[in-house]
Amino acid sequence: MTSKRWAWTVLFALLAGLAWGHAEPVQVVVVVTPAGQELKIDVQMVGEVSTLPIRGAVVEARFYARTPELQKLLDEGGGSVSQAGDPDLLGVPVASVPLEEPKEGGYRGALPVLPPGDYVLAVVDTTFKGEAAVAAKPLRLPLPPTGATLALQLPETTTPNRYLLYALLGLALPALVGIGFALAARGERKAD
C-alpha cells in the first residue's frame, strides 16, 4: 500500500469513528449524595468493551415521578431501562440538570432536593445529533446521609445515515477545498 493510500485510509477511519454514536454499551455509575438543600450527582462513564472513559459527552440527569407507565418499562427491563432512540422516552421529568465534565469521563451536577417519594433517575446521552441513549433505575427519596449508588448501562447507538452523511461531508469538505487549491496552484505553475 502506498503512503498516500495509507494516509487516506487512516484519515477516513479516524473521521468515520468520530461520526458514529457510541458503538459499544457504556457502563454508567451514578452517585447521588444529599448536600444540604441539594442533591449532588456524580456520573462515571466507561466503555464496556474498550474500558476507556467516555469523554466530551452531552449528558443530562433527569428525575421522573414513578408512574405505572414507568414501572411497566422498569419491569420489562428487569428493574432498569436501557434504550436507544427517543431522549424523551420516559416522559416529562420533574427535575433535570445538564452534567459538566470536570474530569475525563466524570460528569457532575446538582439539583434542589426533591420531595420524598418514589422516582426514576435517568441518565440521557445526546452527544451525537440524531441519536440518544437512555438508562434509568428507580430511586427513593429522601436518601440516607451516605447517598445512593446506581449502576446503569447506556446501550450501543448508531447515528442515523442522514446525519452520518452530513457529518462525513462536513469533516471532508475542508480537505477537499485544500486539495482543490493545491491542484489549481499546481496547474498554474505548470502553465508558467
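The model is a predicted one, in which local features need pLDDT of at least 70 and side-chain atom pairs count only at pLDDT 80 or more, whereas totals for chains, interfaces and linings use all residues. Residues are numbered from 1 along each chain as its sequence is written, and side-chain values use heavy atoms, with hydrogens and water left out.

The chain contains three helices and nine strands, these being DSSP runs numbered from the N terminus (helices: H or I, at least four residues; strands: E, at least two). Along the sequence, the elements follow the pattern α-β-β-β-α-β-β-β-β-β-β-α. Of the 192 residues, 32% count as buried, where buried means under 20% relative accessible area, exposed over 50%, and partly exposed in between (1.4 Å probe, protein chains only). The accessible surface of the chain comes to about 11,500 Å², and 61% of this surface belongs to carbon and sulfur atoms; accessible areas come from the Shrake-Rupley method with a 1.4 Å probe, and for residues only the protein chains shown count as cover. Among contacts (heavy atoms within 4.5 Å) between residues at least 6 apart in sequence, 68% join residues at least 24 apart.

The nine strands form an open sheet in the order 4-8-7-3-5-6-2-1-9, with antiparallel pairing; two strands are taken to pair if DSSP finds at least two bridges between them. Strand 4 (81–84) and strand 9 (148–154) are the edge strands, each of which pairs on one side only. On average, neighbouring strands of this sheet are turned by 25° against each other, direction ignored, with axes fitted as lines to C-alpha atoms, for helices over the stretch in contact, and angles running from 0 to 180 degrees between N-to-C directions.

Within this sheet, strand 3 (residues 59–65) and strand 5 (residues 95–103) pair in the antiparallel sense over five bridges, and Phe 63 stands opposite Ala 95 in strand 5. Strand 5 and strand 6 are likewise antiparallel, pairing over two bridges, with Lys 103 opposite Gly 106 in strand 6. The hairpin of strand 5 and strand 6 has two residues between the strands, and in this hairpin Gly 105 takes a positive phi near 80°. Strand 6 (residues 106–112) also pairs with strand 2 in the antiparallel sense, over seven bridges, and here Gly 106 is the bridge partner of Gln 44.

Strand 2 (residues 38–47) includes Ile 41, which counts as buried at 0% relative accessibility. When residues up to four places away in sequence are not counted, Ile 41 touches Val 30, Val 31, Ala 61, Phe 63, Val 97, Leu 99, Tyr 107, Arg 108, Gly 109 and Leu 111. Ile 41 and Thr 149 are 108 residues apart in sequence, and their C-alpha atoms are 9.9 Å apart in space.

The structure holds five salt bridges. In one of them, the side chains of Arg 108 and Asp 42 meet at 2.6 Å, N to O; because Arg 108 lies in strand 6 and Asp 42 in strand 2, this pair ties together parts that are 66 residues apart in sequence. Arg 108 is partly exposed, with a relative accessible area of 47%, and Asp 42 is partly exposed at 23%. A salt bridge also joins the side chains of Glu 104 and Arg 55 (3.7 Å, N to O); Glu 104 lies in the loop between strand 5 and strand 6 and Arg 55 in the loop between strand 2 and strand 3, so the pair ties together parts that are 49 residues apart in sequence. Both Glu 104 and Arg 55 are exposed.

Arg 62 counts as buried at 8% relative accessibility, whereas Asp 88 is partly exposed, with a relative accessible area of 46%.

Note on methods
A salt bridge is a side-chain nitrogen of Lys or Arg within 4 Å of a carboxyl oxygen of Asp or Glu.
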